[in-house]
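Trainee: Could we go through this model together? I would like to start with the surface charges and then move on to other topics.

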Amino acid sequence: MKDLEETENPGIFIEDSKWGIKFWTKNLIKGKKVYDEKLINDEGTEYREWSTVKSKIGAALAKNICPLNLNEGDFVLYLGAASGTTVSHVSDVIGKKGLIFGIDIAPRVLRQLYFLAHDRKNIVPILADCNKPEEYDYRICKCDFLVQDIAQKAQVQIFLKNLKFLKTGGRGFLAIKARSIDVTKSPIKIFEMVKRQLEEAEVNIVDYMDLEPYEKDHCVFVVEK
Amino acid sequence: MNKTVYTNIFGTFMLKGDKVIAKKLFKNLTDRKNKLKYEKEYLKKSVEKADSDFVFPKDKTFNELFYKFNMDKTKKDLIKSVRTDNLINQAINNIDDLNRVINLLSKRLREWYSLYFPELDLKIDDNEAYAKIVSTKKRTTLEKEFGVRTIGSDLSTEDVNQMKSLAKEISNLIKLREEEKNYIEEIMSYHCPNLMEVATTTIAAELIEHAHTLENLAEMTSSTIQLLGAEKALFRHLKNKRARCPKHGIIINHPFVGTAKHKDKGKAARHLASAISIATKVDFFHEGTLDNKQGKLLVAKLKKQLNIK
């Protein structure tokens, strides 16, 4: 049997084998896959593998990021939910008592999230533009954890706008794609610029790192309000 | 502790601190438009509206309501989200795919039929005509028509029938492609007639496909439109100044740009892009009924600018 150990993040399990590090979450809906991930059974509990290549939180976990402060029963606001690869794992972690608001602007991918939400009753899909929080603020409530994974030029501004939905003491996870902000500048310069922007907005940065080799020219920030 | 009033997607609540002391749940999504009435009721008794720092209490029934109401709203939004642009995008992509499939199958048919009657491959260049001849005519009649004695081997009727059914399928696909083109022309003639007039049907559809929606295209500058489809060359130029800047993207296929002399190509592309930009803006921001009057004027102006008769 595999040796799964709970990490400092409750609900996320680590397996340190000779093949490398793998992360697992308990499957909320037994026997169902969301994308083409692996399922294993450990003494009656089913686990789903958290891909480090497809998911930016997964990659950040593999790079040993600071604790995310994500617990069972939390409310999560997920900006740029897409088809629900990462959303499904966060939904595993927060369990049936929690709630995750997945927001995306593209109808094509939200359609898939809508079907996923049929099975997982803790996912709330919302078709809206994250750049205009006033259009969806009545549909959500204040959250314990905020994730943003949007590849747009105004990534940082969108994050700062949505920070008002985060409870005091809650943590936010911001994934930055340097190539979306400016292709001509070097990624390192862009990350420094983003850090400065966050500091100017008086956001408390807990941890930050690039995602090499899992993602190219990506950087993540964990902030606390 | 102050009492506050708060309204979200599924109800109006009176709260004390973070505890709900009175609530009015909406029956359905449209009930929310009465929220002012409900809020007023509470505001009479109690004090103020909730501020932005307010934290909604966690409760199992509230979670379910959040889920139910938002799913309903998202369902409505998704149903509304399909637009004419999506249809154009799918149709133009379909034509692209059909082109690829027709070429692939035609190549196979030529190889295959050449075992039986190789002379036809040399005589007929057009794929459509080739497929039609293979599916309808017999080898003996063809021999008489072209006046040759074939060097192909004699095959049984069963073998030849396989080739004929493939040729029939190719003819059908070609027919489908024509239908699709007519369909695109039809929907675009009421969706964006001016753009179609200036840019020709295929290029107009490709431009919309590239920008995803007509709205996005209308918001683009003419220099962006000029280089749509040449992103790879553009970014190569931006990263390394030694690489030269591209002059045209998708619009290279337009007759005005394609037929221009080499040194005039940039000029033609620039003028055409600016005309397309104006036409798109007319199409998207128009009021009342839409016709292609503006597009015709733009084409006339373009011809004058580029000295085309």
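Predicted model: local features only at pLDDT ≥ 70, side-chain atom pairs only at ≥ 80, totals over all residues.
Trainee: Where is R270(B) found?
Mentor: R270(B) belongs to helix α14 of chain B, which covers residues 265-285.
Trainee: Is R270(B) buried or partly exposed?
Mentor: R270(B) is partly exposed, because its relative accessible area is 48%, and the range for that class runs between 20% and 50%.
Trainee: Which residues gather in a patch of negative charge?
Mentor: That surface patch consists of D125(B), D126(B), E128(B) and E178(B).
Trainee: And what is the place of E128(B) in chain B?
Mentor: E128(B) sits in helix α5, residues 127-136 of chain B. With a relative accessible area of 44%, E128(B) is partly exposed.
Trainee: Changing topic, which domains does the assignment give for chain B?
Mentor: Chain B is assigned domain 1 (3-80), domain 2 (84-185) and domain 3 (193-305).
Trainee: What separates the centres of domain 1 and domain 3 of chain B?
Mentor: Taken over C-alpha atoms, the centres of these two domains of chain B are 49 Å apart.
Trainee: Now to chain A: in which strand does W50(A) lie?
Mentor: W50(A) is in strand β5 of chain A, residues 45-50.
Trainee: Why does W50(A) count as buried?
Mentor: W50(A) counts as buried because its relative accessibility is 2%, and the cut-off for buried is under 20%.
Trainee: How far apart are W50(A) and H89(A) in space?
Mentor: Their C-alpha atoms are 7.0 Å apart, while W50(A) and H89(A) are 39 residues apart in sequence.

Technical notes:
Residues numbered from 1 in each chain as written. Chains lettered and ligands numbered in written order. Heavy atoms only, no water. Patch = residues over 30% accessible without salt bridge, like charges linked within 9 Å, V, L, I, M, F, W, Y side chains within 5 Å. Areas by Shrake-Rupley, 256 points an atom, 1.4 Å probe, with all protein chains shown as cover. Salt bridge = Lys/Arg side-chain N within 4 Å of Asp/Glu carboxyl O. Lys, Arg positive; Asp, Glu negative; His and termini not counted. Charge placed at Lys NZ, Arg CZ, Asp CG, Glu CD. Helix = DSSP H or I, 4+ residues; strand = E, 2+ residues; numbered from the N terminus. Buried < 20%, exposed > 50% of the residue type's maximum accessible area, 1.4 Å probe, protein only. Domains from an automatic or database assignment.
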